[in-house]
Amino acid sequence: MNKKKLFSLLPSVDEVLNDKTIIELIEEYPRSLVVDTIRKNINSIRKTIINLKEEQAEDFSIDYDKFIKAIVNELTLSYSLSLKKVINATGVVIHTNLGRSLLSDSIKEDVWQVASRYSNLEYDIDKGKRGSRYSHLEDIIKKITGAEDVLVVNNNAAAVLLVLSTMSKNREAIVSRGELVEVGGSFRIPKVMEESGTILKEIGATNKTHLRDYEEAINENTGVLLKVHTSNYRVLGFTDSVEIDELSKLSKEYDIPVIEDLGSGLFVDISKYGLSYEPTVIDSLRKGADIVTFSGDKILGGPQAGIIVGKKEYIEKMKKNQLTRALRVDKLTIAALEATFRLYLDEQKAVKQIPTLRMLTYSIDELNDKAKRFYEMIKNENLDADIRIEDGHSQVGGGSMPLETIDTKVITVIPNNMGVSELEERLRLSEDSIIARVYDNKYVLDVRTIFDDEFEVISKQLATALK
Ligand SMILES: *Cc1c(COP(=O)(O)O)cnc(C)c1O
């Protein structure tokens, strides 16, 4: 075919707009975007034809189906949201990079009601006048923690900042060197303390701090004693640290408040479920912490938030701190947090319905059943690969319980016709964004963090990737 003839065969934008597939697309995507994409694809073929030599033109033809497919693909890509669902097959339950905690399905309606309609966010219905956004969380959190008062801010880093700024500004906060933690990207306890205007008084050595170290550091300018839960690392070996109950005695003796930054907000004694013991918020308060701070989206399993509980006299002051306005939470957070906390009124319900707790407390039999169901589904695809169910290790994640690896069941895939990292990349870049680990030259899917309704799409994507 000569070039002139080829040009004449190029469809016009209007012609393409009448294509059956494209008509359907216009239902779903903005018309202007569809038109632009069509025009771009026609121009791209026109350019190809322009660049053809006459003898090449002889063998060239316009593949109309391929042309339409390219338009569909381009549209899907350019219209998809940047923040989207992925499949977490890593076995890291509280995966900060993958969104940390997952909200319970059972609170969907509660959150959406408040999000999509007017609400009593800052309105007291009984009195018919202005109310406080924090009031909605007070009753439920007090009930569950037994604390005198509560304040909720943007995240736990903000909680620590607000607590120190209120209770220890221009004064010293005594903290053990073994507890000067960095969590995630850039949250460093020492830096946050500086920002709050507190003077950091480091005591003890990295591996050992004694009660007398605290006592010797106390002077007339001491603001608070601070204990930070070393939630993402452990100092192992020849170690010693002072527990909150001992610190509390000292704090009473010298009339200096003691604060504990717990990191994870735990309300269920997870040692019952085979995990090692971690201090709960209730324990910390009972053992004498005046103020405890923790995250909403670590083990608690709620939305991102920083929760401050403890003595009313201190929390009253925090409420008046100007920083509180800058750190405040929005209504979606309040709605999700209140509904999540309500699940904790019944521990069985919390463990069953909050995904983070559910995933952490699976029994090995349940995981085995999950793995078998998943395996059968993958087997049906007759993949060109060696597929097995094997024992593996999951992690709590989110800087919680760093040494804890939990026994799990994994599906391993060794492809016959490509490298393991190639397979990993194909699945990661697939439409379903499957994030998994490569270990020991195997592609490893940990069933602990995979929802049952995701088994099928993973099986299908494996089949596509291995073709
Ligand atoms: C995770 C963590 C924080 C930070 O909490 P965010 O909610 O991520 O701001 C602070 N302190 C400790 C001990 C933590 O484990």
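Let me start at strand S18, where Lys442, Val444 and Asp446 point one way while Tyr443 and Leu445 point the other, and all of them are buried, meaning under 20% relative accessible area with a 1.4 Å probe on protein chains only; strands here are DSSP runs of E of at least two residues, and helices are runs of H or I of at least four, numbered from the N terminus. In a regular strand the side chains alternate between the two faces of the sheet. Because 5 of the 5 residues of S18, residues 442–446, are buried, this strand is largely enclosed by the rest of the structure.

This is a predicted model, in which local features need pLDDT of at least 70 and side-chain atom pairs count only at pLDDT 80 or more, while totals for chains, interfaces and linings use all residues. Residues are numbered from 1 along each chain as its sequence is written, and side-chain values use heavy atoms, with hydrogens and water left out.

Val438 has Tyr443 as its bridge partner, and the two strands form a hairpin with 2 residues between them, Asp440 in the turn having a positive phi of about 55°.

Terms used. Buried < 20%, exposed > 50% of the residue type's maximum accessible area, 1.4 Å probe, protein only. Pairing = 2+ DSSP bridges.
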